[in-house]
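Please view the chain below before reading on.

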Amino acid sequence: MSWLRNTSTMLARQLSRTLDPRHDYEPQACYNSFCKHWQQAHDIILKSKPQHLHDDVLGVVNHLEQLSTLLVLEARAREISTTQNPQPCFEYLLSENVLDKLYEWTICTGKYENALRLEQLRLYGHLISFYGSQVVAAEPFLRPLLKLLSGFRDQLAPPNLESQLVTVLNQLCITLMQNLKFVDLFFLTTHTQNGSIPEFIIGQLLLSSVHREGSCGSVSRDAFLLCAKMSARSEQLAECLLTGNACPILATGLSGLYSLLPRTLGEGILRLTPDDVNKVHKLTLFIDSLEFCNAVAQVAHPSIRAQLLDLLLQGFLVPVMGPALLQTKGETLQTGAIEQAAATAYFELLIRCITPEGLMRVVLHFLFTYEYDGVKMIDVLLARLESSSQLSLVTLSLMETLIDLNCEDVMIELVFKYLLNGHHMILPHKHKLSDPEMYRLASLAFLELSPKCCKRPLESTKAWVEEMAASGRKVLELSSNDSRRVNGVHGDIAMNDLVQDINFDYGNPNETLISNYHAYLCDSRFEIVTRSIACAHWSSKYNTISPKREPNNNTNIKEAEHTIDSLVSICTSGYDTFKTSEKSDTSEKENSLNSLTEEKEGKECLEEKQQVIDEKENVSLNSFGETSGYNSFLKVDCDEGFAEDSFRKSFEKEPEEFSEGEVPVGSWRVSTDSIIGPLLSSLLRKTSRCLESDVTSNCHVSSIICKLCSFPSVLLVAVVLCPTLTPNVPSLYQILNKLREEVDIALEGMEKVEELVDRARVFLIQRELTLVRRALTNDDRKARNPNLQQDSSFRRSESKRRSFSSSLSNMFSRKAPPSPSPQIQPPAPQLPFTQESYWNKSAMHRCILNAVILDEWLKELSALCQEQALRLSAESYEHENYIRILSL
């Protein structure tokens with residue numbers, strides 16, 4: 001219809017935007033001009049002949065443009081006027097039935113009908129925009145509008161016409177939201193074989209466009225969301241939307257968009273970011289529709305919400321999402337791990353994009369209760385944590401996202417249902433769970449585990465950096481004939497620039513966190529207080545074990561297939577009281593099984609626990625909380641006395657010897673999973689293999705463990721941080737102690753260890769600062785460009801710079817630059833020589849880098865212990881002023 005866009009038409013539209021009502025509006029002249037333009041247009045309509053139809057349509061369109069300009073000028077003049085001036089042009093439009101006459105002529109114009117309908121929709125848009133409810137209730141406006149809208153019910157409109165139609169429908173929805181009494185005007189009667197049924201014409205037309213891409217789809221979703229919100233206050237509207245198949249269209253559209261997503265991810269992608277979503281067009285469409293469905297479920301009438309959730313479960317999650325997570329390749333012996341990793345990443349992104357008031361309940365119901373071949377989906381995912389593949393790391397990201405929900409039901413399924421029975425503890429210790437002294441001692445103990453190579457003072461590292469900068473040498477020396485680029489994150493940092501960017505101002509929380517114990521303390525308080533606020537409405541504090549110890553009747557107990565379990569083999573040192581017996585494998589197995597199985601008592605306790613969980617099912621999903629992003633350390637009630645050296649000296653009491661008895665090794669080997677749960681067991685096993693793992697995996701594991709330690713539940717915190725309270729399972733302290741010994745043995749007698757430690761520190765500092773700078777750059781870019789669209793939903797759970805381990809987890813979440821191609825793939829195989837490859841080129845390099853990370857993690861764990869001890873001993877740990885600052 002470009003033939004309509006002639007010079008006079010464009011000038012008329014430009015004129016309507018530039019005219020100033022204060023100077024260009026004269027009521028009588030405007031009215032006379034309006035009447036003249038309509039009379040001329042009406043004469044053309046009356047004298048129109050088929051052989052001259054093209055010219056007739058063009059003439060009418062030109063007059064319609066002038067009519068729109070005069071109506072807009074009159075409306076704008078009325079808006080700025082202090083008195084209620086008459087509206088002669090508007091009243092003339094209604095009295096002469098201009099809109100109805102235009103519609104009747106339009107349906108007789110054949111191939112020019114769409115062109116005229118487009119102009120009519122523009123005129124309706126102006127009227128609704130400037131006159132609002134005043135015009136919507138007028139019959140000369142409403143009758144032709146309903147006839148015009150009815151013509152689109154069984155017709156697929158061209159893109160430009162559909163876009164204008166959606167704009168008018170959106171304007172109508174905005175007006176109806178302000179005047180809900182006018183909703184009844186847009187109910188039409190549809191005759192079917194089963195009789196007559198009411199139809200909400202606006203909602204029905206919008207449904208055909210809600211899954212469209214571009215601005216048309218976006219406006220349609222906004223408009224339909226208003227319809228859904230109106231349905232919460234109108235039973236008749238809710239009934240019309242239900243009978244109009246609104247929910248099936250939303251659910252099936254989401255399933256169709258998911259089927260278009262790329263089936264694989266690049267090897268370096270472990271967690272999808274907003275940049276990934278924006279660069280992959282099909283993923284953007286899926287997320288837009290997902291957030292739309294979530295918003296509809298959040299605001300719609302309860303009947304619509306119930307049907308939508310049921311259809312999403314039965315029509316998307318179970319038949320589409322579930323098989324995608326479990327998919328296998330057709331060929332024998334191929335598990336489809338690459339496809340499973342992509343599906344898991346999509347599922348993790350899905351959870352970050354929905355809300356508790358929307359789709360979260362049904363998604364968690366699917367995850368934790370739905371079974372495939374008798375196995376729950378969550379059990380399948382937890383089993384994947386054991387490997388070191390991309391699938392395992394993506395699943396770790398999913399677990400981290402679930403933990404960040406701060407949802408009571410989620411934590412029950414992942415952790416608490418295993419800890420409540422108290423099998424990980426011996427009975428005399430259960431009263432010590434809330435003893436602050438245990439955590440203070442653990443804090444000191446963690447600090448003592450620092451590897452020997454990391455005893456090198458930071459001042460020495462700083463002096464080494466300054467020496468390198470003065471001499472002009474690179475931090476990472478390459479051979480002179482090696483011209484390959486030495487990359488940093490996404491290729492934007494060269495190693496020879498590192499020495500110029502490092503800042504060792506540790507008193508400033510905006511600088512690096514490395515070795516800044518005061519910063520770790522502030523960060524730990526932030527994490528603990530934030531989670532305490534988020535979990536304040538839980539039905540239980542989970543600070544004690546059940547009064548009646550529940551025998552573990554887990555039918556899926558994994559009996560040891562090897563003589564010594566991997567966890568037991570690394571837990572042979574640490575606190576002196578953690579000794580193991582020298583019994584044979586057979587006797588160990590018999591003793592541990594006897595101690596864990598008592599059928600009669602077990603059934604009663606299982607029923608009791610199930611009853612408690614069932615009672616909370618209807619309320620606990622409301623106990624969600626969201627953690628805030630970490631922008632800076634809030635130094636509340638923290639002073640320099642909390643620095644590491646002062647903290648050590650503040651305790652005159654040495655860590656005591658713990659001798660509460662011996663525990664058979666068999667009780668660890670038989671089923672650690674059944675005692676503390678598969679999540680904690682997998683995290684401990686991964687920790688035990690950290691010297692063999694890459695930095696990405698180690699930082700993910702350390703980040704998740706620290707998140708678990710920040711919950712306000714001593715039952716959970718004690719099993720991770722206090723080894724003396726949990727002798728029935730390998731403790732984190734024992735594992736880290738063993739790792740420290742392995743590092744010290746491996747590096748003993750090695751040359752250039754101190755220099756490599758300095759290099760590792762500089763490398764990690766630069767990584768961390770790069771992440772912070774990128775975040776600040778993005779924030780500045782968005783502040784400068786308010787129109788820049790960036791979905792906040794999947795920023796909600798993104799970890800900002802809260803701790804060193806979580807920062808590293810984000811920094812290493814991608815090993816290569818993102819690809820501009822629609823398939824989420826990093827560049828292929830010929831990668832340049834990167835810093836990561838430098839630290840992986842030998843066992844010693846990897847060992848030193850992991851030792852530096854371990855040293856930082858120990859400080860973080862120590863700070864968490866200290867803050868948990870303070871929380872348990874202080875009367876008002878969550879200070880009101882501090883909470884007020886967090887809320888801001």
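Lysine 707 forms a salt bridge with aspartate 404 in this predicted model, with 3.3 Å between the closest N and O atoms. The pair joins distant parts of the chain, 303 residues apart: lysine 707 lies in helix H33 (residues 695-709) and aspartate 404 in helix H21 (residues 390-404). Lysine 707 is buried, at 4% relative accessible area, and aspartate 404 is buried too, at 6%. Buried means under 20% relative accessible area, exposed over 50%, and partly exposed in between (1.4 Å probe, protein chains only).

A salt bridge here is a side-chain nitrogen of Lys or Arg within 4 Å of a carboxyl oxygen of Asp or Glu. By this rule the count is 23 salt bridges. Helices are DSSP runs of H or I, at least four residues, numbered with the strands (E, at least two) from the N terminus.

Three of these pairs are listed here.

| Pair | Closest N and O atoms |
|---|---|
| Lysine 707 and aspartate 404 | 3.3 Å |
| Glutamate 139 and arginine 143 | 2.9 Å |
| Lysine 417 and glutamate 413 | 3.1 Å |

Glutamate 139 and arginine 143 are both in helix H9 (residues 139-150), four residues or about one turn apart. Glutamate 139 is exposed, at 52% relative accessible area, whereas arginine 143 is partly exposed, at 30%. Both residues belong to a network of salt bridges that links Asp100, Glu104, Glu139, Arg143 and Lys147.

Lysine 417 and glutamate 413 are also four residues apart, about one helical turn, in helix H22 (residues 408-419).

Residues are numbered from 1 along each chain as its sequence is written. In this predicted model local features need pLDDT of at least 70, side-chain atom pairs count only at pLDDT 80 or more, and totals for chains, interfaces and linings use all residues, while side-chain values use heavy atoms, leaving out hydrogens and water.
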